[in-house]
Amino acid sequence: MAISKVERLMNLVIALLSTRQFLTAERIRDSVAGYEESASDEAFSRMFERDKSELRDLGIPLEVGPVGRYSTIEGYRINRDAYELPDIDLTDEEAAAVAVAVQMWESPELAAAAEGALLKLRAAGIHVETDAAVASVPAVPAHTRGSEPVLGKLLVAIDEGRAVRFEHRGANNAPYLMRDVEPWGVVTRCGRWYLVGHDRDRDAVRCFRLSRMGEHVTPHGPASAVRKPEGVDLRAIVARVTSTAPVSGSATVWVAAGRGRELRRLGRVTGVRTVDGRDGAVIELPIRSHGWLAGLVTSLGPDAVVLAPEDLRADVIARLRSVVGHTEVRA
């Protein structure tokens, strides 16, 4: 059975992350599942160059260096120190999502896939680090690929150089609109996947969050007709589009003890205070979006109180009154 592009990329990451050696392209071709399907040396070279570009676009720190102290032959590896994530402070919802993901990765099927991939690397004579964090990275089968359902379809279309049609909405509560896009690449930023390409209907470069796409992605047009323009930095485009809005002010919010983890993560505690007999912390928060912050505080109900500024406090009170007015209370 042919290996999908996503699975091949994951196998390549496993190989380059599991060893401190620089691996030559020939050794990668022999030991990484997915490259044996190359019909010729030229076909492998093109495939490997595209895969390296994909990894760099995804922000994976791919290094190039000599395979030996006295060798002039170049090899490849992933800088594990740059690849590993720093300490992460998760919200309750994010922590729950991670727990579900952990259960999936620990399934017997995926564990067997990971062990098989590492055994093949060892059989090829590649020194594999025994660190548990590396050994636990699985090769992902096609039916579990990616964090977004449409990722595999988009990567195939990008690899084939074909345009795609899909439905997309600008916000979670907005209607879907059909888009016709020349896809240049897929990039991750702040835990989200984005497609970057040329929107034919708007005749402009656009970014599309994969989680807001419909499940049907339809490639169309001739193969090899779409290619990323030279000199285009996909990550810079996504960073520019998704960059955080400038700070327009500050807010002071009281949060009950043990509540409002996201507010605590976004701001800084400046003191303690008791409100209506409940202990809590006073948090200073930057205001980037007045409406978003008001919605976040409102969602905490009696566990958060805006102390300043007055317009934010009035907005939260109005939202709470609206909720009460539309809520049916039964005895």
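In the protein, residues 24 or more positions apart account for 61% of the contacts with a separation of 6 or more, a contact being heavy atoms within 4.5 Å. The structure is a predicted model, in which local features need pLDDT of at least 70, side-chain atom pairs count only at pLDDT 80 or more, and totals for chains, interfaces and linings use all residues. Residues are numbered from 1 along each chain as its sequence is written, and side-chain values use heavy atoms, with hydrogens and water left out.

The protein contains 12 helices and 11 strands, taken as DSSP runs numbered from the N terminus (helices: H or I, at least four residues; strands: E, at least two). Of the 331 residues, 37% are buried (buried, under 20% relative accessible area; exposed, over 50%; partly exposed, in between; 1.4 Å probe, protein chains only).

Ala308 and Pro309 are joined by a cis peptide bond, with omega about 0°. Pro309 lies in the loop between strand E11 (304-308) and helix H12 (310-325).

Asp203, although not a glycine, has a positive phi of about 50°. The loop between strand E5 (192-199) and strand E6 (204-209) holds Asp203, which is exposed at a relative accessible area of 59%. Asp276 is likewise not a glycine and has a positive phi of about 50°. Asp276 is placed in the loop between strand E9 (268-275) and strand E10 (278-287), and counts as exposed at 77% relative accessibility.
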